[in-house]
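Keep the model open as you read.

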Amino acid sequence: DDIEIRFPILHRDTVEKQSRRRQLETALTYSIIRTESAFNSNARSGAGAMGLMQLMPATGRETARRSGVNLKNTRQLLDPTINIALGTSYLAGLLKRYNGNFPMAAAGYNAGPHRVKRWRPKQGCTPSDIWIEMIPFRETRRYVRRTLFYYAVYQQDRKSTRLNSSH
């Protein structure tokens, strides 16, 4: 139950730099990394997603093109610096698309923005907790719940003195 082991603060300089650059809270970035790869920079999913923030090669190429990151080949998605730069850019785009709604952005990160578009309420507003329970994919529901939990943990950690001191 050691919080520092379960919720590490790795690649701190890169996460902070790229989060700042994309106007993201670092806790959001850490929650995606923790959920996607548990900080394994060599992670590869069965679907082909790669690296810390588990970017699909096509998403990595498109995000690199849009954000001006030089991506020579998809193997570079395993490089933590490049992966975090592209992952934070993609996440920031999703947050912008969903007016800052992190549950929708997380669902889009996991299942694709085209699916979230279909899942959005047609009229009015649905509270986030209810909307999450209405996500038709169990994997995505669980993913969104985990990212919200991890976000809360990392947000709390940011307030602690442990994270404000240098290691």
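Start with helix α6, residues 102–111: nine of its 10 residues are buried, so the rest of the structure largely encloses it. Buried means under 20% relative accessible area, exposed means over 50%, and partly exposed lies in between (1.4 Å probe, protein chains only). Helices are DSSP runs (H or I, at least four residues), numbered from the N terminus. The buried set in α6 is F102, P103, M104, A105, A106, A107, G108, Y109 and A111. After α6 comes G112, with a positive phi near 100 degrees.

This is a predicted model, so local features need pLDDT of at least 70 and side-chain atom pairs count only at pLDDT 80 or more, while totals for chains, interfaces and linings use all residues. Residues are numbered from 1 along each chain as its sequence is written, and side-chain values use heavy atoms, with hydrogens and water left out.

Now the aromatic rings. Rings of Phe, Tyr and Trp (its six-membered ring) pair if their centres lie within 6.5 Å; planes under 30 degrees apart count as stacked, over 60 as edge-to-face and the rest as tilted. The count is nine aromatic pairs. F7 and F149 have ring centres 6.2 Å apart and planes at 65 degrees, so they sit edge-to-face. This pair links distant parts of the chain, 142 residues apart: F7 is in the loop between α1 (3–6) and α2 (12–21), F149 in helix α9 (residues 138–159). F7 is buried at 3% relative accessible area. F149 is partly exposed at 45%. F102 and Y151 form a tilted pair, because their centres are 5.7 Å apart and their planes meet at 50 degrees. F102 belongs to α6 and Y151 to α9, so this pair ties together parts 49 residues apart in sequence. One aromatic cluster takes in F7, Y30, F39, F149, Y150 and Y154.

Turn to the charges. A salt bridge puts a side-chain nitrogen of Lys or Arg within 4 Å of a carboxyl oxygen of Asp or Glu. There are four salt bridges. R12 and E16 form one at 3.3 Å, N to O. Both lie in helix α2, four residues apart, about one turn of the helix. R12 is buried at 18%, and E16 is buried at 19%. E133 bridges to R145, with the closest N and O atoms 2.8 Å apart. That pair links helix α8 (residues 128–133) to helix α9.

Key. Helix = DSSP H or I, 4+ residues; strand = E, 2+ residues; numbered from the N terminus.
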